[in-house]
Amino acid sequence: MKELTKEELKQISGGGISATLVNAFIRGVNTFLDVGRSFGSAIRRMIEKNVCPI
């Protein structure tokens, strides 16, 4: 197998942002927002003393 020279390596372009990377980022943001909503609801219910008995 032929190895690439430094000049050939410098000419390689590509990579970039893939759909998988974007999807993973969006899922992460959605998870973060869901956790924030749940945490905010829990705090609000505790302050209003509107907690369901377990």
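A salt bridge is counted where a side-chain nitrogen of Lys or Arg lies within 4 Å of a carboxyl oxygen of Asp or Glu. Side chains of opposite charge can pair when their charged atoms come close. The structure examined here is a predicted model, and a search of the whole of it finds 4 salt bridges.

One of the salt bridges joins the side chains of Glu8 and Lys2, with an N to O distance of 3.4 Å. Lys2 has a relative accessible area of 63% and is therefore exposed, since the class begins over 50%. Glu8, at 28% relative accessibility, is partly exposed.

Another salt bridge links Arg37 with Asp34, and the closest N and O atoms of this pair are 2.7 Å apart. Both residues belong to helix H2, which spans residues 19–47. Because Arg37 and Asp34 are 3 residues apart in this helix, about one helical turn separates them. Arg37 is exposed, at 53% relative accessibility, whereas Asp34 reaches 43% and counts as partly exposed.

A further salt bridge is formed between Glu48 and Arg44, where the closest N and O atoms are 3.8 Å apart. This distance meets the criterion, because the cut-off is set at within 4 Å. Glu48 is partly exposed, with a relative accessible area of 48%. Arg44 is also partly exposed, and its relative accessible area is 42%.

Terms used
Residues numbered from 1 in each chain as written. Predicted model: local features only at pLDDT ≥ 70, side-chain atom pairs only at ≥ 80, totals over all residues. Heavy atoms only, no water. Buried < 20%, exposed > 50% of the residue type's maximum accessible area, 1.4 Å probe, protein only. Helix = DSSP H or I, 4+ residues; strand = E, 2+ residues; numbered from the N terminus.
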